[in-house]
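Below are a few notes on charged side-chain pairs, written for a colleague who will look at the model alongside them.

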Amino acid sequence: MAGTRLAGAMRLTGTCSLGRALLKCGRKIRLRHGNAMSSPQRKFVHERHKTLSPLDRPRELVVACPPMRSNINLSRIVRTAGCCGVREVICCGHAKIIDKIARDSIDDENPAAVDLHVHRTLAPPLKELKQAGYRLVGLEQTTGSRCLYDYGFDRHSVLVVGNERLGLDDEILRLVDDAVEIPVYGLPYAYNVATAAAMALYEYCRQFPRG
């Protein structure tokens, strides 16, 4: 109990110190800017269903997922892929996409809907894509992995996502051309798989904003 009270006190002390620092900073800002604090603020109006950002060419990125523990994670990955303009997603095992999560990304009436390719295992389609000239990029913490922030994607790439618990197994790691990881600054030691996939997809789109 004493340890618990001590830890709680430490957290409270840290929080109070941070609060005092923020209040002090706020006072400095108000004093520094004076009348600027009372000037009219810029108004933002919420917009739903804005016009999609144009692409000059179809995206040539493929997302590949092993058998996943959670169809929620898989559905979130598919939704993000759809938002990023990625048209091809490979999934394995008893994959099931949840419509309420994936939304329009798999809608039959969507001309840019994501095409899902379900395989029993991941290695065979990866080998085919590699022979077709795609670069296989494993999203995994490994020896020799490169930081996602510093990695330059090839336009023809396959983003290979790992299983929630097991990551990428040895067979898949032997197939990938590169391994990239996302820096983690706190616990737990890794991001949720759908979150990590979204971050990697965004980085690819940042490098190829028009496709």
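1. Glu203 and Arg206 both belong to helix H6 (residues 193-207), where they sit three residues apart, about one turn of the helix. In this predicted model, their side chains meet in a salt bridge with an N to O distance of 2.7 Å. The two partners can be described by their accessibility: Glu203 is buried, with a relative accessible area of 8%, whereas Arg206, at 47%, is partly exposed.

2. A salt bridge also joins Asp177 and Lys130, whose side chains come to 3.4 Å, N to O. Because Asp177 lies in the loop between helix H5 (170-175) and strand S7 (178-181) while Lys130 lies in helix H4 (residues 123-131), the pair ties together parts that are 47 residues apart in sequence. Asp177 is partly exposed, with a relative accessible area of 30%, and Lys130 is likewise partly exposed, with a value of 32%.

3. Arg57 forms a salt bridge with Glu60, and the closest N and O atoms of this pair are 2.6 Å apart. Here Arg57 is partly exposed, its relative accessible area being 36%, while Glu60, with a relative accessible area of 17%, counts as buried because the cut-off for that word is under 20%.

4. How many salt bridges does the count come to? The count comes to six salt bridges, including the pair of Arg57 and Glu60, the pair of Asp177 and Lys130, and the pair of Glu203 and Arg206.

Note on methods: Residues numbered from 1 in each chain as written. Predicted model: local features only at pLDDT ≥ 70, side-chain atom pairs only at ≥ 80, totals over all residues. Heavy atoms only, no water. Salt bridge = Lys/Arg side-chain N within 4 Å of Asp/Glu carboxyl O. Buried < 20%, exposed > 50% of the residue type's maximum accessible area, 1.4 Å probe, protein only. Helix = DSSP H or I, 4+ residues; strand = E, 2+ residues; numbered from the N terminus.
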